[in-house]
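Subject: Structure handover

Hello,

Please find the structure below, followed by notes on what was found in it. The notes can be read alongside the 3D view.

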Amino acid sequence: MTDSKVVLQGRYELVGELGQGGMGTVYMARDMRLNGRPCVAKKLRDDFYVEEDKQKAVAFFKREAGVLSCLQHPNIVHILDYFEESDNYFLVMEYIEGRNLYEILQERGEPFSCEQVVGWAKEICDVLEYLHEHDPPVIYRDLKPTNIMLDVKGHVKLVDFGIARPCAENADNTHVVSAGYSPPEQYWGAADPRSDIYALGATMFFLLTAAEPVALHPSSPVSCNANVLSYVNEVVECATAQDPQSRYQSARQMRDALVSPVNMKDSSRRKQLIFALAGTLIVVFVLGYNKFHEMLNSSQQQLKASQQIITQQDQEKGYLRKKLRTYSRAVEAEEKAIRELQVKVKGQPGKTSDVDNGAAVVAQVVDERELTDPEGLLDNH
Ligand SMILES: Nc1ncnc2c1ncn2[C@@H]1O[C@H](COP(=O)(O)OP(=O)(O)OP(=O)(O)O)[C@@H](O)[C@H]1O
Ligand SMILES: [Mg+2]
């Protein structure tokens, strides 16, 4: 800019340079029609060597204006105007009082805390969800720290929709990548909503470590900064997976993982849960096993006692049977002796008293046996 005032469209006065990007220069400006209200004018660069490149850049620039004019979200910069003047293209936007995250980190010289980064990442997930669910869906395609502004209220705002485009559009812009932040598929022009997830993961890596993410590699912030919480590390690793299928499949999924670490692929939390569960199972098993053992012992004792009772009863039954047999034999012997005596007496009249004597002898013999072997145990006959 020269010292002389530059007023565009008779309305926007350029007052200073805010930043230089790959696409052009961003000026601080004042809207003279609205009492000098601050605004920003982005001018498309005009130093292209090849006319074809210029045409492409103009097409991107127009598309940036077109995309922004359709969007309305508190975390997306508002577009105010778009015009061509003296063969230059301009985009006028609201002025965001603040700086981009790259500059803030450079100045501070050290990584941000996990809490801080997670807070911003959740807000960006909200914006991505809004873009991806827009009709038609918009893929941002250039998420990186220089394109994220932090306003004075501490909220993030996305600027630079230069390569953002509706999902279905097949423009030839496959070569537009930001090394380290663009996912592998974007190098061959196959960007989809998961490509923005990758870029957010890579951006989180930078903010958590102050190191640039390595292009075409999954990022693991804990390898550069041991203070990074393991669940945050896992979110970044998952988001920057090289295969889109292995990433969060939507911004909502990624935000859920950031909001409730238990629901996400956080191995340390998962491990803690598994250990807790295993511990509980072991305690339950040990207690259960002891109880089971106690019950088993008591039923074994009961069984033994019942077996002893049965054995005793069997023995008693055996004694009684033998006793019965002995008595039967004694009675038989007595009856036999009586019968023999009766036969003898029949042949000798007047000798009846001998029958009584004989019966007495037999009875005596039986009684003696009863006395010497009452249980009949010595009687083997
Ligand atoms: N609306 C705005 N309010 C305040 N500052 C802004 C605004 N828009 C852009 N900037 C500043 O200007 C810088 C460059 O803007 P932008 O990213 O839009 O340009 P670019 O040329 O597309 O950059 P690049 O291609 O390198 O990403 C931003 O990083 C930011 O610091
Ligand atoms: Mg930019």
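A residue to start with is Val-259, which is exposed, with 12 other C-beta atoms within 10 Å. Val-259 belongs to helix H7. Its C-alpha lies 9.3 Å from that of Gly-119, although 140 residues separate Val-259 and Gly-119 in sequence.

Some ground rules. This is a predicted model, in which local features need pLDDT of at least 70 and side-chain atom pairs count only at pLDDT 80 or more, while totals for chains, interfaces and linings use all residues. Residues are numbered from 1 along each chain as its sequence is written, and chains are lettered from A and ligands numbered from 1 in the order in which they are written.

Overall make-up

The protein has nine helices and 11 strands. Helices (H or I, at least four residues) and strands (E, at least two) are DSSP runs numbered from the N terminus. Of the 381 residues in the protein, 29% are buried. Among contacts with a separation of 6 or more, 58% join residues 24 or more positions apart; a contact is a pair of residues whose C-beta atoms, placed from the backbone, lie within 7 Å.

The ligand

Ligand 1 is surrounded by 21 residues, the closest being Gly-19, Gly-21, Gly-22, Met-23 and Asp-160. A residue counts as near the ligand if its C-beta atom, placed from the backbone, lies within 6 Å of it. Strands S2 (12–20), S3 (24–31), S4 (37–44) and S6 (88–94) are the elements that give two or more residues to this shell. By class, the shell holds 10 nonpolar, eight polar and three charged residues. In this count Ala, Val, Leu, Ile, Met, Phe, Trp, Tyr, Cys and Pro are nonpolar, Asp, Glu, Lys and Arg are charged, and the others, Gly among them, are polar. Ligand 1 lies between domain 1 (1–95) and domain 2 (98–260), because both give residues to its shell. The domain bounds come from an automatic or database domain assignment.

The core

The largest nonpolar core has 70 residues, and those with the most contacts inside it are Val-92, Val-117, Ala-121, Leu-200, Val-235, Ala-239 and Met-254. At least three residues come from each of domain 1 (1–95) and domain 2 (98–260). Such a core is a set of buried Ala, Val, Leu, Ile, Met, Phe, Trp, Tyr and Cys residues joined through C-beta atoms within 7 Å. Leaving aside neighbours within four places in sequence, Ala-239 is in contact with Ile-197, Tyr-198, Leu-200, Gly-201, Arg-247, Tyr-248 and Met-254.

The helices

Helix H3 has 19 residues and reaches 26 Å from its first C-alpha to its last, close to the 27 Å expected at 1.5 Å a residue. The expected span is 1.5 Å times one less than the number of residues. Among the buried residues of H3 are Cys-114, Val-117, Val-118, Trp-120 and Ala-121. What covers the buried residues of H3 includes S8, strand S10 (156–158), H5, H6 and H7.

Val-232 lies in helix H6 (residues 230–239) and counts as buried, with 22 C-beta neighbours inside 10 Å. Beyond its neighbours within four places in sequence, Val-232 is in contact with Cys-114 and Val-118.

In helix H5 (residues 193–209), the end C-alpha atoms are 25 Å apart, which agrees with the 24 Å that its 17 residues should span. H5 is mostly covered, with 17 of its 17 residues buried. Ala-210, which follows H5, has a positive phi near 65°.

Backbone points to check

Which peptide bond is cis, with omega near 0°? The bond from Asp-135 to Pro-136 is. Pro-136 sits in the loop between helix H3 (114–132) and strand S8 (138–139).

Asn-35 is not a glycine, yet has a positive phi of about 55°. Asn-35 is in the loop between S3 and S4 and is exposed, with 7 other C-beta atoms within 10 Å. Asp-87 also has a positive phi, near 65°. Asp-87 is in the loop between strand S5 (79–85) and S6, and counts as exposed with 6 C-beta neighbours inside 10 Å.

Regards

Terms used: Buried ≥ 20, exposed ≤ 12 C-beta atoms within 10 Å, placed from the backbone. Contact = placed C-beta atoms within 7 Å.
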